[in-house]
Amino acid sequence: MEDGQQHKYKIAAVIQARMGSTRLPGKILKKLPYSSKTTIIDVIIDRIGASKYINAIEVVTSINKKDDQLENHIKTKNNISLFRGDENDVLSRFVAVQSKFKYDYIVRLTADNPCVHHELIDKVINDHIEKKADYTYSISYPLGMNIEVISGYCFENLQEDKLTLEEKEHVTLFFKNNPNHYKLNFFKDFHYSGLDKLRLTVDTKEDYLTQCALFKYFQPNIAFNLDDIVMLYEREHWIFEINKEIIQKKV
C-alpha cells in the first residue's frame, strides 16, 4: 500500500474475548504487569491503536453471563465497540460484525496475546492488500504475535449450515480448509525467522508470570517490539524459561 492510502480502506481489528478460560479464568482482565492499573485487554487495545491502517476496533464476546464483566469494562473504553453472540459459534460473531459494518478487511486478534504489535499488523495488512489475498496469516513469529487478515467479503458468503463445529469455533479454519476457494497468503519476515519457539501468549499462570516479567522490564514503554523482545531474550533468558514447558492446545 502506497503512502497516503492508509484511509482508503475500512479496516477493523476484531478481538475475540471471553472470561471463561478453562486454564486461567478471567485472564483478559488480569492486570499487566501485576499490580498495575492496566488489564491485558487494555494493553492489547493500546498496542494496536498505533496502527496506520486500522480505523476501528471491535471486541466480540459471548452472551454467557460470565462475560457481563467484560462488557462493563469495555463500556469504559472510548471508541471501542462490543458485540455479544453465540458462545461456541465464534465465527458467527465475525459474520454479524461484518454484516453490520461492511469492512474491507478484518484483522482477527485474540484477547490473550498482549505482545501483538502494530508494526507487524501493518506489514501483514499491506502484504494482504498487495497480494490481493482472501486470507493472510503470518508465520514463524513467536506464539502470540502472529496476525491474521481476512477480506471482509469472505464472511458474507458463508453457508453456515455446511460448516463443521470446529470451523464455527475456530474462525479462520474454514478458509484454511478450502484453499481451492480462497486465495491464501502466508507472510514471513525472514529477519525474524527462528523465533517461533518463544511463547508470548497467556493461557496459564506460567504464561501470565512471563508476561508480567516482560512488561515490568519494559515499563513504561508499552510499545516495545520484537527487536526489543529478542534483546531481552539474549540478556534475561530466564524470563522465557518460566513457561517453556507449557503445551499449547491444538485445534
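Author: T61 is found in strand β2, residues 56-62; strands here are DSSP runs of E, at least two residues, and helices are runs of H or I, at least four residues, each numbered from the N terminus. This is a predicted model, in which local features need pLDDT of at least 70 and side-chain atom pairs count only at pLDDT 80 or more, while totals for chains, interfaces and linings use all residues. Residues are numbered from 1 along each chain as its sequence is written, and side-chain values use heavy atoms, with hydrogens and water left out.

T61 is buried, with a relative accessible area of 0%; buried means under 20%, exposed over 50% and partly exposed in between, with a 1.4 Å probe and protein chains only. Beyond the neighbours within four places in sequence, T61 is in contact (heavy atoms within 4.5 Å) with residues including A17, R18, D67, L70 and R93. E87 lies 26 residues from T61 in sequence, yet the C-alpha atoms of the two are 7.4 Å apart.

C115 is buried, with a relative accessible area of 0%, and C154 is buried at 3%. The structure holds 0 disulfides, a disulfide being a pair of cysteine sulfur atoms within 2.5 Å. For C115, the nearest cysteine sulfur is that of C212, 11 Å away.
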